[in-house]
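Dear colleague,

I am handing over the structure below, and I would be glad if you could look through it alongside the notes that follow.

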Amino acid sequence: EPFTSATPEAEWQLVEVAIARARSQITDLRETVSQRTSPEEAAIFDAHLLVLEDEELLNGMRDGITNQRLNAEAAVWDAMAVYREQLLAIDDDYLRARAADLEDIARRVIACLRGTGQSTLTQIAQPSIIVARDLLPSDTAGLDPAMTLAIVTELGGPTAHTAILARQMGIPAVVGATGIVTTTTGAAPGTLALDGALGVVEVNPTTEVIVGYLAQRDARHAQRAHFDADARQPALMRDGRPIEIGANVGQLRELPDVAQQGAQGIGLFRTEFLFLDRTSPPTEDEQFAAYREAVQHVAGGTVIIRTLDIGGDKVVPYLPLDHEDNPFLGVRGLRLCLTDAFQPLFKTQLRAILRAASGGARLKVMFPMVNHSGEMHAARALLRAAAAELDGQGIAASAALAHLPVGAMIETPAAAFVADQLADDCDFFSIGTNDLTQYVLAIDRMNPTMAGHYTSFAPAVLRAIYHAVSMAHARGRHVGMCGEMAGDPRAIPLLLGIGLDELSMVPPAIGEAKHVIRRCTQAGVAELSRRAFALTSAEAVTQLLEDHLRGLMAG
Ligand code: PEP
Ligand code: MG
């Protein structure tokens, strides 16, 4: 509510205190970033500090409070918006890029007004459980795994990117814990017990309960050690069919896990994570180095680079993304990269990928959120243009492009329906069930209220997967899956029955997945898949798959 009941003087004082706090946070951040990366990287914060000294901007805020009777928050937001519009109107790319910073600064000042410092999450000094209404993927990416015992949020679903990042980092997480912030506000240490696998949290648990949780944890660790013991052996079904196992990664610090946990390659490199947790996009050289580093970590294997998938829940504060009421149905993934505004950024990424491929790196490239052939053609045309630019600089990129497998993610119903057409334009598919499930079922993957209905075991989702796989195979194309479903031990026998060639998952899931695969036979998975496709509800499919898995592991 913008109207304020406090006096304008008191309200203005709040703004002044918040700005002072924001300034000191930015100064700290500048120091940290300068030490961790480079002074050039930190220079952006000088620009942020200058904005907060701008007389015109400060006058705008004061005017909002005294003349328009706005409260502090609304006055800050409005004045920042006016300033942003002014920058956007100037015909200067540098100033236009700074407009994106203003949103970042505005958010910081508002966070300070609300008494929550934005930068504190990266600076936690003792092992802690993070309780929050919601965490942006960029918040989660900045967490120190050594200091983060667990995460509990009120919002989000199991395939929200904050949950996926936590899984990748090996941090237990419970999302959709309604009311947890109020319940735990002011709680003393040791008053929370949680089980990330089951998705349960207990506030003020008794000693008995805590002992129970600890026993569970130890049992899981022991089981995990058992599964991981032969995780580096190949994944062959009992009667010999080999299944390729890839790892899903996002951040460079996860790369050592890939081979160590038994992946043959990287089936999904979420490159947008290279863009989070920083204040400007990585340069072409930085991306080139990152892609090469990824290849070095998968001796002999292939790295599938998924091009930028920004939008939806993956917001990048410094990029000029407009507010959308339905961001998951808006400008995200490949669509965003094909817009005039984002093409230069996209081209930079394509150049970095092509440079890595020209150096002999074993790469594949795939595009997220493809809906139809026209988008594949447009993306391929940009790849060719980027290669031609590099050729002109003496890098043999067009020659490398001729051998670079180019694929589409199948993650919208549209893509699944036209999989036959897309297969003609692609060298391979990778099925992204996190999105495919939300779009097939019309259930937001972020909505905790609907989380009980968000399931890839729904007959409609299984049919979409089956259709995409058959269309691709009919044309001799390789099909992988990189959504969270691929790492779910219950799903794996069914996915083998459907015919998936490759499964890519968070590294900690690989050991168990391989155990399941080794116990499967072709006749067994074919029969399971026949039975699953005859069922009419997700519950029945889940029951069938759970029973089957139990039998498999006991046998
Ligand atoms: C997916 O949608 O299944 C996928 C792998 O992509 P992301 O989770 O990054 O949207
Ligand atoms: Mg997706």
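In this predicted model, Met481 stands opposite Leu503, which belongs to β13. β12 and strand β13 (residues 502–505) pair in the parallel sense over 2 bridges, where pairing requires that DSSP finds at least two bridges between two strands. Helices (H or I, at least four residues) and strands (E, at least two) are DSSP runs, numbered from the N terminus.

As to conventions, residues are numbered from 1 along each chain as its sequence is written, while chains are lettered from A and ligands numbered from 1 in the order in which they are written. Because the model is predicted, local features need pLDDT of at least 70 and side-chain atom pairs count only at pLDDT 80 or more, whereas totals for chains, interfaces and linings use all residues, and side-chain values use heavy atoms, with hydrogens and water left out.

A nonpolar core is here a set of buried Ala, Val, Leu, Ile, Met, Phe, Trp, Tyr and Cys residues joined through side-chain atoms within 4.5 Å, and buried means under 20% relative accessible area, exposed over 50%, and partly exposed in between (1.4 Å probe, protein chains only). Leaving aside residues up to four places away in sequence, Phe367 touches, among others, Leu334, Phe346, Met376 and Val406, contact being heavy atoms within 4.5 Å.

The magnesium ion (ligand 2) has Glu411 (OE) and Asp435 (OD) as its protein donors, at 2.0 to 2.2 Å; donors are N, O and S atoms within 2.8 Å of the metal (3.2 Å for Na, K and Ca), and since water is not among the atoms, sites may look incomplete. Glu411 lies in the loop between β10 (406–410) and α17 (413–417) and Asp435 in helix α19, 24 residues apart, and both Glu411 and Asp435 are buried.

Asp435 also takes part in a salt bridge with Arg332 (3.0 Å, N to O), a term that stands for a side-chain nitrogen of Lys or Arg within 4 Å of a carboxyl oxygen of Asp or Glu. Since Arg332 lies in the loop between β8 (303–306) and α13 (333–337) and Asp435 in helix α19 (residues 433–441), the pair ties together parts that are 103 residues apart in sequence. Across the whole structure, the search finds 25 salt bridges. One of them joins Glu527 and Arg530, with the closest N and O atoms 3.1 Å apart, and both residues lie in helix α23 (residues 522–533), 3 residues apart, or about one turn of the helix. Glu527 is partly exposed at 34% relative accessible area, whereas Arg530, at 56%, counts as exposed.

With kind regards
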